[in-house]
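I opened my notebook to record, step by step, what I looked up in this structure.

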Amino acid sequence: MASPHDSAPATLDPAQLIAEARRAFFTMFGFLCLIWAVQLANWATDEQLALQHGIVSRQASSLPDLLTAPFLHLNWQHLEGNSGPLFVFGFLAAYRGVRKFLGLTALLVVTSGMAVWLFERDHVVTVGASGVIFGYFGYVVLRGLFDRNLIDSLIGLVMGASFAYLLTTAIPGTPGVSWLGHLGGLVGGLAGAWIFRTRGPKRTATAAADPEPSAAPAVLGNSGGASAGPRADLLKELDDLGL
């Protein structure tokens with residue numbers, strides 16, 4: 001028969017949660033070190049890396065740049081502006097599981113990059129991690145609702161209220177900002193909250209496979225074992241008394 005634990009998804013104990021948070025911290029720290037190292041190389045080449053490997057709309061040769069653009073920034077100020085939100089939202093997205101976080105990141109790279117590649121104006125080069133940041137933001141805001149997790153729901157509520165102003169750069173009209181990349185990342189993050197929601201183990205119908213109960217349940221002797229009903233319990237007690 002199904003175990004009682006099958007009716008609810010497994011939850012992490014505090015020790016596991018701390019371990020996941022530690023992995024999330026070092027994952028984001030490594031991510032930041034990587035994009036800062038890339039920017040150092042970009043600066044050494046007079047921003048040529050960003051120009052050569054950024055996304056250019058509707059050019060088939062630029063499709064591989066969807067994978068490189070989030071790691072590139074136009075200048076140090078651009079990178080500094082993205083580093084704080086990237087670490088905060090990335091950590092909150094990752095602390096429930098780094099493996100799930102990596103899948104989410106891959107989704108956001110595709111949705112934010114494709115929004116730029118499909119709809120951006122011609123001859124515009126787009127780089128930066130801000131589309132991924134918006135995806136993490138959307139994921140963190142909705143994840144608790146889909147997972148039915150009170151703590152994550154409260155985190156999402158607080159972060160959504162605190163950073164709602166970010167949504168103004170996901171609509172047309174902000175000069176010098178890829179609002180399409182922001183919007184594509186945000187949509188990907190909202191979808192990711194559903195796609196990567198916590199799923200409990202499925203129940204299996206075993207009632208039909210269970211043997212039919214016998215008319216007179218067998219009573220185990222002193223060797224121990226589980227009783228089968230009140231009558232068996234009484235007979236076992238009488239047997240233990242030698243009656």
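**Entry 1: a helix pair.** I noted at the start that I was working with a predicted model. I looked up helix α3, which spans residues 76-94, and helix α5, which spans residues 130-147, and found that their axes come within 9 Å and cross at roughly 35°. The crossing in which α3 passes α5 is left-handed.

I then listed who makes this contact: from α3 the residues are Asn82, Pro85, Leu86, Phe89, Gly90, Leu92 and Ala93, while α5 contributes Ser130, Ile133, Tyr136, Phe137, Tyr139, Val140 and Arg143. Sorted by class, the contact between α3 and α5 holds 10 nonpolar, 3 polar and 1 charged residues.

**Entry 2: the salt bridges.** I reminded myself that side chains of opposite charge can pair when their charged atoms come close. How many salt bridges does a search of the whole structure find? The search gives 5, and I followed some of them up.

**Entry 3: Asp122 and Arg58.** These two residues form a salt bridge in which the closest N and O atoms are 2.5 Å apart. I placed Asp122 in the loop between α4 (98-119) and β2 (125-126), and Arg58 in the loop between β1 (55-56) and α3, so I wrote the pair down as a link between distant parts of the chain, 64 residues apart. Asp122 counts as partly exposed because its relative accessibility is 48%, which lies between the limits of 20% and 50%. Arg58, at 41% relative accessibility, is partly exposed by that reasoning too.

**Entry 4: Asp152 and Arg96.** Here the side chains meet in a salt bridge at 3.0 Å, N to O. Because Asp152 lies in helix α6 (residues 150-162) and Arg96 in the loop between α3 and α4, the pair ties together parts that are 56 residues apart in sequence. Is Asp152 buried or exposed? With 1% relative accessibility, Asp152 counts as buried, whereas Arg96 is partly exposed, with a relative accessible area of 22%.

**Entry 5: Glu120 and Arg121.** I found a salt bridge between Glu120 and Arg121, with 3.7 Å between the closest N and O atoms. Glu120 is buried at 10% relative accessibility, but Arg121 is exposed, having a relative accessible area of 60%.

Last, I looked for salt bridges that share partners, and I found that they join Arg96, Arg143 and Asp152 into one network. I noted beside this that Arg143 is also one of the α5 residues in the contact with α3.

Technical notes
Residues numbered from 1 in each chain as written. Predicted model: local features only at pLDDT ≥ 70, side-chain atom pairs only at ≥ 80, totals over all residues. Heavy atoms only, no water. Axes fitted to C-alpha atoms, helices over the stretch in contact; angles between N-to-C directions. Helix = DSSP H or I, 4+ residues; strand = E, 2+ residues; numbered from the N terminus. Left-handed = near helix turned anticlockwise from the far one by under 90°. Contact = heavy atoms within 4.5 Å. Nonpolar A, V, L, I, M, F, W, Y, C, P; charged D, E, K, R; others polar. Salt bridge = Lys/Arg side-chain N within 4 Å of Asp/Glu carboxyl O. Buried < 20%, exposed > 50% of the residue type's maximum accessible area, 1.4 Å probe, protein only.
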